[in-house]
Amino acid sequence: MPETNLQIYLLSDLYQILSAPRRCYVIRLIVNDNQDKYTVRELSKRIAAIEQGIPKENATGESYRNVYNALSQTHLQTMADFDIIDYDQNRQLVRPKQRLRIAELIIKCNHIIYFTLREIISNKD
């Protein structure tokens with residue numbers, strides 16, 4: 001496969017993975033904390049807190065379980081399949097892998113593009 005096609009498929013796959021906000025939260029949390037490993041429970045509490053706009057200590061109940069189940073059943077394995085993270089399903093542990101920084105860079109670039117476009121559109125009004 002020519003290099004250009006490989007790049008297109010790689011970026012297409014990354015954008016598909018990053019289309020889920022919870023996956024982006026996982027990436028941001030891991031990059032910002034810079035630890036060796038994370039429990040699914042901790043990531044779930046923090047993401048539930050972000051989604052609800054509450055302290056993580058208060059992220060319990062159905063919203064927490066919803067995030068926990070989504071991460072452990074779908075999101076983390078999808079990210080692991082693409083070498084963004086290492087996901088040990090038995091131990092419920094997550095570790096960063098080689099493509100984490102690439103995923104983070106794409107998220108940052110998209111934020112810059114979004115806010116630039118939003119400013120351009122608002123200045124036209």
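**View 1. Order of the elements along the chain.** From the N terminus, the elements of this predicted model follow the order α-α-β-α-α-β-β-α. The chain holds five helices and three strands; helices (H or I, at least four residues) and strands (E, at least two) are DSSP runs, numbered from the N terminus. The C-alpha trace spans about 45 × 45 × 25 Å along its principal axes. Residues are numbered from 1 along each chain as its sequence is written. In this predicted model, local features need pLDDT of at least 70, side-chain atom pairs count only at pLDDT 80 or more, and totals for chains, interfaces and linings use all residues, while side-chain values use heavy atoms, without hydrogens and water.

**View 2. The largest nonpolar core.** This core has 30 residues. A nonpolar core is a set of buried Ala, Val, Leu, Ile, Met, Phe, Trp, Tyr and Cys residues joined through side-chain atoms within 4.5 Å, where buried means under 20% relative accessible area with a 1.4 Å probe, protein chains only. Val-26, Ile-27, Leu-71, Leu-76, Ile-84, Ile-85 and Val-94 have the most contacts inside the core. At least two core residues come from each of α1 (3-17), α2 (21-33), α3 (40-52), α4 (61-81), β2 (85-88) and α5 (100-124). The largest share, six residues, is supplied by α2. In the chain of 125 residues, 34% are buried.

**View 3. The surroundings of Ile-84.** Neighbours within four places in sequence are left aside here. Ile-84 is in contact (heavy atoms within 4.5 Å) with Leu-14, Ile-17, Ile-27, Met-79, Pro-96, Lys-97, Arg-99, Leu-100 and Ala-103.

Technical notes. Buried < 20%, exposed > 50% of the residue type's maximum accessible area, 1.4 Å probe, protein only.
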